[in-house]
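Colleague: I would like to go through the strand pairing and the helix packing in this model. Please set each value against its criterion.

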Amino acid sequence: MQPTLPVHNRSDDTVLTPTFVPGPSDARWMPPALDAALQVRLHDLMVKARATEEMLIRMMRTGHGYFWIGGPGEEAYGAALGLLVHKGHGPAYDYLHLHYRSSAVVLAMGSEPIDLLRQMRSTVTDPYSKGRNFVNHFAIKPWNVVPVTPTIETQYLMAPGTALMQRRHGGIGCSIVTGGDAGSAEGDFYSAMNWSTRPGSELPVLMLVAQNGYGISTEASTVQNTPHLHQRADGFRIRNARVDGNDPIASWHALVEAMDYVRHERKPFVLQVNCSRLYGHSSSSGANRHDEPDCVQLYEKRLVDDGLATQTELKLVWDKWNSLLSDALKVVVAEPMPGKEHVLQHVWYRGPAGN
Amino acid sequence: MATLAQAIRLALHYGETHLGVTDVFGQDVGPPLGGVFTCSQGLKTAWNTPLDERGIVGTALGIAYAGGKPVAEIQFCDYIYNCIDLLKLCGNAHWSSAGEYHVPLVLMTPVGAGIHGSMYHSHSFESIASHIQGWTIVMPSNAKDAYGLLLSAIADPNPVLFMAPKGLMRAKGDELIPGEPADERQLHQMIDAPVGDRSHWQPDWPPVEDYRVPFGQARTVRAGRDLTVVSYGRQLVQCAAVALDLAADGIDAEVLDLRTIYPWDEAAVFASVRKTGRLLVVNEDTEITNFGEHVLRRVTDACFYDLLAPPQLLAGLDVPGVGLAWGYEKHSVPQPDTIAAAMRALAALRA
């Protein structure tokens, strides 16, 4: 099996074909049918993300990167989300305000694993930051992926801004913001709900909270007295739900329902996705494997039980991505690193106005 | 002549009708108030926000990312401190994304003392702001410059912090803004909202024109030969008045209005110092790690052999705030008498 996903070519300004082609303004948003082929594709994308993350961790351990932080454990809902994004540039399409565990989202959207390896190694060819930021800190303008930041929860504050432009523009584009349960302790989480529900100015914002039970090394249950974070949205009269984020099928359906509401009602939705954190917070805590439910393993068992794939076929998927990643690493280690001449690049923008 | 507040309003009007401003917003910015200093009365794109400074800056960043041109306001700079990380994100987005995104937004905030504003309506912010990279930082000292700097800020594709000296908001200019009616009563009737019910009021905008003050270009307010005084905002006005007084005593001070705090006009300052040999920087921010100390360091590096006396800084005292009682403000913020004393002392100093 060969990868069939679109290549994100950063060397030109090509706007890739969006996942959904918008019809007349009153047309309903129609997600792809979750048929057998798409269920198999979801697995492929989950493995693409997991294999990439595990390669990133190996790179950190073998001196090919300074620091790792990422999203093993968030592949199930992440891959579903990436496929459901209305992908393109400008307010007609979805804006993505992602946190740094969102590799599955951008890889499912079509990003190439080699670009994550480049950011991990801090090469000058890193398309997201030119070696300036930690891995999993994306910035993909052709797809409205705004810069991912290490500052926890500030992404929630920006989503009402892009959503305001989308409200004015019309259509089905919405602003999708992801974060973790620990970050929801920040006031910015509440600001986003408040700004998205100003009377008469409600905004199409899909707020996702990945609840993995930890904030860095602190157990969430010891510092937050809210077992179900999505219920905080009740105070803002925001529609909300909770889903098993380790289950890609359940996540798909929950996302479809939430997106359908946000796209057509033009109002916010808060979706809590319960998931695992399989390698800890970051390399600062060792990036060792934790004994938690593994969404990829669970899904593979299901695919086999449902007769949608054989163990041999599943192994081929892993082999494909691991082989691709090994080849990519050989390329990346030979690529140049930033030097003195790069330090002052992009301090100021000198081109035409407008994003 | 237009006041500084009216000049800001005229610039915002020009911005939303000619330069693509999509949103002017902040606490009390929209109707009915139109800003606590009336700077946004009658604007078609002005709207009120929740009282949430972080939300204001974050939303502005989102609007900019999505192709809009926001002009956001923090009602007083005293309340901007909880936004520092967001200001950093605005300033580093272009660099951190390897040039992928840029942030065309303007953030306005009134600064400084001079209105009996007590501890939380008297802060200065330029020194801290100058540590937040990626921003252009401007502060006008008169109405025409306010208009021209704000149009430059709106037209710029990078984040610009527009700091308005609140002590000058009601100060009238001495030069007409291009297109401004010569009769200030006429201007008042055209663009100032009436007191009381404003629900049916509409401004009658004068045909103001494009006028830009380029960033990084200081203005020589007064030419002189004995010493160089560098200032901006409200303190610039005080420095200019003191310099005029001291001229009668034979002290001939050259006064430069920096106008842009970053990137500042090094060439103009260096040229003046090389002429006079003496430098006094005056501002009202607190003195420790004051922006003026940076100017002194650069001047010392670049003009060392031209200096006739050690460069000086007159700034606010290093105390936690500007107290409400006049005695506190008078003795912690530069005043005409302390400025005059500093200028006299420097003129008499020899290296």
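Colleague: Which residue stands opposite B:Ile137 in strand 10 of chain B?

Modeller: In this predicted model, B:Tyr262 of strand 10 is the residue facing B:Ile137.

Colleague: What makes strand 5 and strand 10 of chain B a pair?

Modeller: Pairing requires at least two bridges. Strand 5 (residues 136-138) and strand 10 of chain B have two bridges, in the antiparallel sense, so they count as a pair.

Colleague: Why are strand 2 and strand 10 of chain B said to stand at the edges?

Modeller: The open sheet of seven strands has the order 2-1-3-4-6-5-10 in chain B, with mixed pairing. Strand 2 (46-48) and strand 10 (260-262) each have a single partner strand, so one side of each lacks a neighbour in the sheet. From one strand to the next, the twist averages 25 degrees.

Colleague: How do you know that strand 8 and strand 11 of chain B pair?

Modeller: Strand 8 (residues 227-231) and strand 11 (residues 279-286) of chain B share four bridges in the parallel sense. The criterion is at least two bridges, so the pair qualifies. B:Ser231, for instance, has B:Val282 of strand 11 as its bridge partner.

Colleague: What does helix 11 of chain B touch on the sheet?

Modeller: Helix 11 (residues 336-348) touches strand 8, strand 9 (253-257), strand 11 and strand 12 of chain B. Its direction makes about 170 degrees with that of strand 12 of chain B.

Conventions:
Residues are numbered from 1 along each chain as its sequence is written. Chains are lettered from A and ligands numbered from 1 in the order in which they are written. This is a predicted model: local features need pLDDT of at least 70, side-chain atom pairs count only at pLDDT 80 or more; totals for chains, interfaces and linings use all residues. Two residues are in contact if their C-beta atoms, placed from the backbone, lie within 7 Å. Axes are lines fitted to C-alpha atoms, for helices over the stretch in contact, and angles run from 0 to 180 degrees between N-to-C directions.
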